[in-house]
Amino acid sequence: MAKVLGEKKGAAHGHEGEHPPAPMVDEVSDFEVLEMAVRELAIEKGLFTAEDHRRWTEYVHSLGPLPAARLVAKAWLDPEFKKLAVNDGVKASLKVGVDWIKSPPTQFGTPSDYCNLRVLEDTPKLKHVVVCTLCSCYPRPILGQSPEWYRTPAYRRRLVRWPRQVLSEFGLQLPPDVEIRVADSNQKTRYMVLPVRPAGTEGWTEEQLAEIVTRDCMIGVAVPKPGVTSNVKMPVHRAVHPLQHGHS
Amino acid sequence: MSKVHHDRTHHAKKATGIGDPQCFKGEAGKPKFKAGDSVRIRDLPDFFYTRCQTYTRGVVGTVTLAVYESPAAEDEAWDNTDKPEWFYSVKFRQKDLWPDYPSAYPNDTVETEFSERWLEKA
Amino acid sequence: MKSPTRSEVMRHLDLVGQLQPAYHQPAQAPYPDDIDHEHFRALLRSPHDIGGEADISIRWEEKQEEQWEANTFATCECLAWRGVWSAEERRRRQNSDVGQTQYLGLPYYGRWLLSAARILVDKQYVTLTELINKVDEVRKRYEQSPSR
């Protein structure tokens, strides 16, 4: 547990027998103190502005999996768009309002996510699943922030070598003759999975289709199913001081 | 003693409106490999930093795509961006990566990217 | 609702997994001729290069983001936006330079944050003295003066 300021032990700071101070109004961790210090210094030294930081925070807050879900739905409905998505993910992203180069405030892409989306097309005989074994690279501009489990050493160690075991923990099992292809995003390419359109969705609108394409489907640990519109159910580790606008 | 001057503008100058890795297009010359080529991952020394995963070293795979040009991560990590290389996506059979990969799943694969220096013809 | 007994049982199973026999070989400051190629490679490994290593099944979880974590992410991207570093320089520092113990021992965003602090000092935008004084100053804002 992070050290919390304000819990001063009386013996360390004053005479023996002195009463410890009254409980803190607001307790902050070492991480929170350092974060403030770094940001304030960077701004003081002119490395970036407070406005830059606010704009970036706002940009990140605007990101989520909906554009990617719409890209999948469009690809399901239009074979020509599917071809474009597979051959030029960056160009296809424009059709769902994501400009990998110019949507971010930099106008040269996000520093960490670059501008080379590859859309991986599943077939009945080929299932993709994505990991970054070296860190946690993820296609944020079209899919939003990565989930905690994706960043864990356990996922990064295991998926590339024991994919079927890991997938079964997410509730996904595939026939033995299906090719499970693990895409390890170790350089500048960012991947999203274009899953197979499930049966039972004939005649659906783009919106109805997008609703069943969850973030987990586009990482590849789940497949779309009629009636399933949320990610794999799992516990949520709560924050001590969560974001102010109530987003988790 | 003078302080080192860091040019904070060079990437923005090069990539604004263009994107990264798009901004390195044309700088790596002719690609050595193409889709379909059989390549082996070289086990070069990798102290301090690498983005060529140890689990791939010495394995033979198939190039699926020449993806883009960029400085190798090993150079970009120290802001040495003068010598971009071609990057390739390479696919491996799981049975070639892991001696204990279950034979029940003969078709499983891994696909990942390498800068040209890490590949040799196989 | 889990019974107290079941909670204790699950904690026990986790804890006894940590009781392992170990043969401790003195290994600090070895002679060069004690280090063979395998151990040289292991000692110089990049901590982030973990694909294919054995690991246990863990409970997959989501995590609610802390405000400081979101701020840290924005700080790191702004530093790259304004050319203080590239994302790849950040990754090298954050995922390799931190060393094996901090790599596995610190929280994910703890490494992002430490690396942001470190780049400011390494590229001489601040002195370590300035950084320490700033941390001390921020800390003091949150310390209540003891009642006497």
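Helices (H or I, at least four residues) and strands (E, at least two) are taken here as DSSP runs, numbered from the N terminus. The structure is a predicted model, in which local features need pLDDT of at least 70 and side-chain atom pairs count only at pLDDT 80 or more, while totals for chains, interfaces and linings use all residues. Residues are numbered from 1 along each chain as its sequence is written, chains are lettered from A and ligands numbered from 1 in the order in which they are written, and side-chain values use heavy atoms, with hydrogens and water left out.

Just after α3(C) comes C:G83, with a positive phi of about 80°.

Turning to the interface, 22 residues of chain B meet 20 residues of chain C, with contact meaning heavy atoms within 4.5 Å. About 1900 Å² is buried between chain B and chain C, and carbon and sulfur atoms give 48% of this area (accessible area, 1.4 Å probe, that two parts lose on being put together, summed over both). B:H6, B:R8 and B:Y49 supply 29% of what chain B buries against chain C, more than any other three residues.

Two salt bridges cross this interface (a side-chain nitrogen of Lys or Arg within 4 Å of a carboxyl oxygen of Asp or Glu). One salt bridge joins C:R41 to B:D43, with the closest N and O atoms 2.8 Å apart.
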